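Student: I would like to go through the aromatic rings of this protein. Please show me the sequence and the structure.

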Amino acid sequence: MKLKRFAAVALTAVIALGGAGFSTSAESAGTQGAYQAPQLSVDLSQYVDENGYITGFDYSAIELVDYKNMVIPTENHMPAQETLNAFMVAQLPQIDATEGVVAMGDTVNIDYAGSVDSVPFEGGTAYGYDLQLGSGAFIQGFEEQVAGHSVGENFDIYVTFPENYHADLAGKDAVFNIYINSYKKAVAVEDITDEMVKENLGGMGLSNVKELNQYAIDELSYSMVGNYIYNEVFGNSTVTSVPQTAIDMQGDYMLASMELEAINYGMNLETMLQMYGFASAEDFKTTYAETIEAAAKEICINQAIANAEGIKITDKDIEEYFGGQDYSVVEEVYGKPFLKFLIMQSITLENLINNTAREGVSKAGGTNSTVIILVAVIALAAVALFFVFKKKKPEEVAAEIKETANKAIEEIKEETAELKAEIKEEIAEIKEEISEEINEIKEDAEQEKED
């Protein structure tokens with residue numbers, strides 16, 4: 001998902017280090033003996049100023065779409081009930097099953113063997129693989145064709161690899177022979193109870209079906225709006241000249257990610273590049289020149305919006321973004337300017353998502369603390385004027401204003417707690433995903449050694 005690339009960008013530093021087996025805290029790492037943060041061969045902060053902005057920009061070369069007057073169509077911010085149901089079901093544990101017909105949302109344990117023109121291809125065979133149908137983990141058409149079959153059934157499905165798949169398989173038709181070993185059945189949405197929600201999702205602050213439904217609406221709507229904004233703003237804004245600093249930084253950032261992976265395996269960047277078939281770092285950049293420039297253009301558009309909105313990342317912003325957690329090791333590896341850049345990229349899109357108008361909705365996105373404060377001020381003024389015209393006693397006016405202010409303060413406290421909880425949850429989910437990916441890489445590497 002394109003949104004995920006932006007929503008998680010400020011956490012990229014944490015993910016890279018966590019995935020490479022490094023703690024983000026020098027203090028926690030100290031328990032394992034003398035700790036030394038990994039040293040990158042490139043200085044990413046050299047491209048960024050103290051506010052998180054890439055230097056050498058010519059904003060006249062960037063023409064932004066009129067994002068301030070953009071309105072999100074209903075179908076692009078309000079999820080269909082079917083989608084809501086699938087999301088709610090996915091939040092709850094599944095039920096083990098050994099017989100029956102599998103459906104979208106179920107997790108199947110399968111054996112599969114793929115071939116193109118009757119010839120098996122590398123990576124196309126697996127045994128005892130757990131796949132959640134509807135997750136989008138496999139290419140389009142794969143999961144949909146598995147649905148409707150039964151445990152113990154052996155059958156073929158027919159798919160076409162995307163044009164942007166890796167060269168050997170791009171655009172080719174393939175056949176997969178499938179055998180379903182077992183599956184875990186998703187709970188039916190109509191069978192979800194308040195007790196079930198509270199027992200399994202109480203840690204997320206959800207205690208009944210109504211709250212789960214609203215959570216599903218909020219999460220899916222946020223994602224839908226993010227994708228719409230990405231396509232409209234980043235797809236239709238134009239960049240006639242990409243600054244060299246943006247291109248150089250993006251190229252070095254990709255190399256830095258590979259270097260951290262190399263450190264994880266106890267090797268240097270040059271060895272890792274050679275393993276992937278690149279003669280040098282420059283060869284890598286040349287090969288991915290188009291990808292680097294495309295990413296640099298998106299960075300330009302994002303920074304132009306941040307500049308127009310006057311966004312500047314402070315030390316306090318960094319602390320809040322990491323939820324009070326120690327990020328000293330991340331800062332040591334990437335440098336504070338580049339860390340500010342990463343956070344600014346994310347916050348800029350987040351602001352667009354929260355502040356862009358939705359069709360049929362009086363206000364966009366969730367209410368943040370600043371909005372609550374403004375509403376409170378307006379409410380206080382309205383109360384005061386009301387009682388002036390009604391000729392209420394001053395002490396009565398004061399009491400009403402105090403009550404309104406106290407309510408606003410309580411709302412601010414609740415909103416702040418919710419935001420912190422959401423950030424911690426997102427960090428945990430992203431770290432878990434990266435950990436799974438790293439484990440898969442290790443398993444593949446071990447398998448290659450055995451072969």
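Student: Is Tyr288 buried, partly exposed or exposed?

Tutor: This is a predicted model. Buried means under 20% relative accessible area and exposed means over 50%. Tyr288 has a relative accessible area of 34%, so Tyr288 is partly exposed.

Student: Which class of aromatic pair do Phe278 and Tyr288 form?

Tutor: Planes under 30 degrees apart count as stacked and those over 60 as edge-to-face. For Phe278 and Tyr288 the centres are 5.9 Å apart and the planes stand at 50 degrees, and the pair is tilted.

Student: How many residues apart in sequence are the parts that this pair ties together?

Tutor: Phe278 lies in the loop between helix H9 (269–275) and helix H10 (281–287). Tyr288 lies in the loop between H10 and helix H11 (289–309), so the parts tied together are apart by 10 residues.

Student: Is Phe278 buried or exposed?

Tutor: The cut-off for buried is under 20% relative accessible area. Phe278 has 9% relative accessibility, so Phe278 counts as buried.

Student: How many aromatic pairs are there by this rule?

Tutor: Two rings pair if their centres lie within 6.5 Å. By this rule the number of aromatic pairs is 19.

Student: Which class is the pair of Tyr112 and Phe142?

Tutor: An angle over 60 degrees counts as edge-to-face. The ring centres of Tyr112 and Phe142 are 6.0 Å apart and their planes are at 80 degrees, so this pair is edge-to-face.

Student: How many residues apart are Tyr112 and Phe142?

Tutor: Tyr112 is in strand E4 (residues 107–116), and Phe142 is in helix H5 (residues 142–146). The pair links distant parts of the chain, and the residues are apart by 30.

Technical notes. Residues numbered from 1 in each chain as written. Predicted model: local features only at pLDDT ≥ 70, side-chain atom pairs only at ≥ 80, totals over all residues. Heavy atoms only, no water. Helix = DSSP H or I, 4+ residues; strand = E, 2+ residues; numbered from the N terminus. Buried < 20%, exposed > 50% of the residue type's maximum accessible area, 1.4 Å probe, protein only.
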